[in-house]
Amino acid sequence: MRVPSTASPQPMTRIMTETEAATAEDSLPLDFIRECILLGRKWRARVDEQLKDHGLTAARLTVLYWVNELPEGTSQRELADIVGIEGPTLVRQLHALEAQGLLERVPMTSDRRAKGIRLTPEGHHKLAGVVSYSLEMSREYFPKLERRRLPSAIRLAKQAREAIP
């Protein structure tokens, strides 16, 4: 039977081989993606905590945000694709938001069978409040971020997103 050592482990002090260095360089995009995912999860969890008081979730907020941002006449299928959810899931979110009085479905002039979606005045008010709160949260959580580096980080994240078909 082997007895575990009580001595502290020594740090590894060997030099990386050329192959290991290339592998480390190759993993940078994956490291970047991992950090973006982890940041997104933490941010969403904090937002969800605060939205409960307002009868919203991050998922419903995402739908509200995109309904507000997309041009009038955007189909539910396009909205579902942009939000990143399946059509039936979007329909449930839309029903819930409509029941809360935050959005409404209106007939489309181009196709009588299709329904357009738009925010109600209450939906605009709720979204503006959440955006304001999000700005406060970002100031609280990220006061030490180097503001001058943010445009580069945004461009990099956008390039990574657009590189994926």
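View 1. Glu35 is partly exposed, with a relative accessible area of 44%; buried would mean under 20%, exposed over 50%, and partly exposed is in between (1.4 Å probe, protein chains only). Keep in mind that this is a predicted model, where local features need pLDDT of at least 70 and side-chain atom pairs count only at pLDDT 80 or more, while totals for chains, interfaces and linings use all residues. Residues are numbered from 1 along each chain as its sequence is written, and side-chain values use heavy atoms, with hydrogens and water left out. Glu35 meets Arg34 in a salt bridge, at 3.2 Å from N to O; the term needs a side-chain nitrogen of Lys or Arg within 4 Å of a carboxyl oxygen of Asp or Glu. Arg34 is partly exposed too, at 41%.

View 2. Asp81 pairs up with Arg77, their closest N and O atoms being 3.1 Å apart. These two sit four residues apart in helix 4 (residues 76-83), so about one helical turn separates them; helices here are DSSP runs (H or I, at least four residues), numbered from the N terminus. Asp81 is exposed at 53% relative accessibility, whereas Arg77 is partly exposed at 43%. Then there's Glu146 with Arg149, where the closest N and O atoms are 3.4 Å apart. Glu146 counts as partly exposed, at 39%.

**View 3. A cluster of rings: Trp43, Tyr141 and Phe142.** The structure holds three aromatic pairs. To pair, rings of Phe, Tyr and Trp (its six-membered ring) need centres within 6.5 Å; planes under 30 degrees apart are stacked, over 60 edge-to-face, and the rest tilted. Trp43 and Phe142 are stacked, 5.8 Å centre to centre with 20° between the planes. Trp43 belongs to helix 2 (residues 28-51) and Phe142 to the loop between helix 6 (121-141) and helix 7 (150-163), so this pair ties together parts 99 residues apart in sequence. Tyr141 and Phe142 have ring centres 6.4 Å apart and planes at 65°, so that pair is edge-to-face. How accessible is Tyr141? It's partly exposed, at 39%.

**View 4. A nonpolar patch on the surface.** Leu30, Ile33 and Ile37 make up this patch, with about 270 Å² of accessible area together. Areas come from the Shrake-Rupley method with a 1.4 Å probe, and for residues only the protein chains shown count as cover. Patch residues have over 30% relative accessible area and no salt bridge; like charges are joined within 9 Å, nonpolar side chains (Val, Leu, Ile, Met, Phe, Trp, Tyr) within 5 Å. Leu30 is in helix 2 and counts as exposed, at 58%.
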